[in-house]
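I opened this structure today to look up a few points and keep them in order. The entries below follow the sequence and the coordinates.

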Amino acid sequence: MENIQMLLKQGAVGKPCAPIVAVGDKVKRGQLIATPTGLGANVHSSVAGEVIEITDDRIIIKPNAKQPKTFVKIKKGSNLEMIKEAGIIGQGGAGFPTFIKIYNGKEDKPVLDHGYILVNASECEPGLAHNIAQIDADPEMLLRGMHYVMDIAGADKGIIAIKKKHRETIEKLDALLKDDPAIERHLLPDIYPMGEERAVVRECLGIELEPDKLPSAANSVVINSETVYSCAKAIEEQKPLIDKNITVRGMIKGGSEAHVFMDVPVGRSVEALIEEAGGFDERGYGEIIMGGSFTGKACELGDPITKATGAILVTRQFRDLKGAKVGILVCACGGNLERMEDLVKKYNGTVGHVCYCKQAAEMPNGSRKCERPGNCPGQVKNNLEFKKAGCEYIIIGNCSDCSNTVMASGPKMGLKVMHMTDLAMMAVGHPLYRTLKVSKKVDQDLNVVDNVEDNETVE
Ligand code: SF4
């Protein structure tokens with residue numbers, strides 16, 4: 001196994017942890033190696049080995065040739081203490097520490113008032129498959145984990161939000177839920193985004209939250225399904241969060257099917273996991289995305305996976321726009337301006353103009369949230385601006401619905417529309433988001449011509 005890189009900041013939020021080991025130390029799998037300095041969660045070594053380097057942002061461990069299946073157990077305590085000790089953070093997004101999310105610091109007053117634990121099992125980003133695979137493998141543990149979290153948070157009810165396309169998984173859950181009146185499941189449509197916290201609240205509880213409001217405003221906590229499993233493992237097996245489930249997919253030798261890896265040691269490299277999936281397709285690739293195609297980030301081969309990494313997607317190659325002017329439409333659902341600019345550069349385009357959807361409200365931390373998800377205000381004005389600025393192309397990151405709105409006027413104005421997920425969707429054999437209205441199956445043979453020239457549907 002390659003050297004393991006345990007980042008001191010495992011999620012997007014919080015402060016880096018402080019190492020409690022030194023170079024030369026021998027560490028065991030599951031041993032605590034870094035502790036929080038502020039908002040954060042414990043970091044444990046995912047392998048047995050030797051610490052060979054400590055930098056500002058990571059601890060690098062050379063793994064022993066033989067790895068044990070066992071791990072150093074966290075010490076016993078209350079269920080909440082064990083979730084905290086295990087270093088559990090959200091495994092479906094920003095990586096917020098779970099013990100803070102489900103506990104408000106007052107033992108006599110839970111964070112919810114007879115509220116709801118909403119389990120996000122939507123696996124919303126297209127092409128991912130590891131969350132559903134985990135539920136398929138052990139639906140009972142999901143329910144047990146929900147009860148632990150419900151007890152801590154003060155929830156009377158649990159709801160599993162899952163896309164209705166996962167029929168077999170739903171049948172397995174339904175068979176168990178017959179005997180569990182405290183938990184039900186809610187079926188979601190197969191559109192993006194369904195996994196955003198406010199979308200889960202809206203779908204499950206019928207409550208529309210303002211962009212600056214958290215699910216707690218609807219007396220609920222939204223928690224990713226894999227995170228629930230990690231809580232159950234911490235409580236039942238005294239297991240720290242050292243392994244991650246992950247989907248590797250795209251321009252991989254052998255086809256575009258999802259490679260689902262369960263229990264991958266945190267800190268393994270992107271390159272090693274692509275190799276284990278079969279290696280790169282000989283036709284080449286464009287970029288590697290860590291996470292989903294909408295909200296993930298471009299990464300390097302040597303980058304390590306973290307507790308919050310859900311996927312590694314290898315995209316099709318970029319076409320060469322030969323310096324053409326590209327307008328960027330920033331939506332709350334997709335990449336931020338920095339990510340969109342990076343894509344324009346990779347397409348060898350020139351940023352001609354930038355517009356923001358008027359409902360993509362800016363939050364105090366600089367991120368954007370949609371004011372009225374699924375209710376697009378129309379994009380004609382933005383398209384006119386792109387046209388006026390002399391843009392030949394536009395690149396968008398909009399959700400399914402709003403992409404349709406862009407497509408309703410952009411091509412008529414002569415704008416060639418690209419979606420930020422196009423190259424990933426082509427690589428995983430998923431219909432393109434800018435053509436979903438007339439969705440046809442994407443030809444998985446990459447002889448399909450990139451259709452951006454004329455905005456026709458890929459077929
Ligand atoms: S309305 Fe549509 S395009 Fe605008 S921010 Fe919301 S999802 Fe994005």
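**Helix packing**

I began with helix 4 (residues 139-153) and helix 7 (residues 225-237), which in this predicted model pack at an angle of about 80°, with their axes 8 Å apart. Since angles of 65 to 115 degrees count as roughly perpendicular, I noted that helix 4 and helix 7 are therefore roughly perpendicular to each other. I then listed the residues that make this contact: helix 4 contributes Met141, Leu142, Arg144, Gly145, Met146, Tyr148 and Val149, while helix 7 contributes Ser225, Val228, Tyr229, Cys231, Ala232 and Ile235. Sorting the contact of helix 4 with helix 7 by class, I found 10 nonpolar, two polar and one charged residues.

**Domains**

I next looked up the domain assignment of the protein chain, which gives domain 1 (4-63), domain 2 (79-237), domain 3 (243-314) and domain 4 (325-453). For domain 2 and domain 3 I noted that their C-alpha centres lie 25 Å apart, and that 16 residues of domain 2 are in contact with 15 residues of domain 3. On the side of domain 2 that touches domain 3, helix 3 (residues 130-137) gives the most, with three residues. By class, I recorded six nonpolar, eight polar and two charged residues for that side of domain 2.

**Ligand shell**

Which residues are the closest to the ligand? I found that 13 residues surround the ligand, and that the closest are Cys331, Cys357, Ala360, Cys370 and Cys402. The shell around the ligand, taken by class, has 11 nonpolar and two polar residues, with no charged residues.

Technical notes:
Residues are numbered from 1 along each chain as its sequence is written. This is a predicted model: local features need pLDDT of at least 70, side-chain atom pairs count only at pLDDT 80 or more; totals for chains, interfaces and linings use all residues. A residue is near a molecule or strand if its C-beta atom, placed from the backbone, lies within 6 Å of it. Ala, Val, Leu, Ile, Met, Phe, Trp, Tyr, Cys and Pro count as nonpolar, Asp, Glu, Lys and Arg as charged, and the others, Gly among them, as polar. Axes are lines fitted to C-alpha atoms, for helices over the stretch in contact, and angles run from 0 to 180 degrees between N-to-C directions. Helices (H or I, at least four residues) and strands (E, at least two) are DSSP runs, numbered from the N terminus. Angles under 35 degrees count as roughly parallel, over 145 as roughly antiparallel, 65 to 115 as roughly perpendicular and the rest as oblique. Two residues are in contact if their C-beta atoms, placed from the backbone, lie within 7 Å. Domain bounds come from an automatic or database domain assignment.
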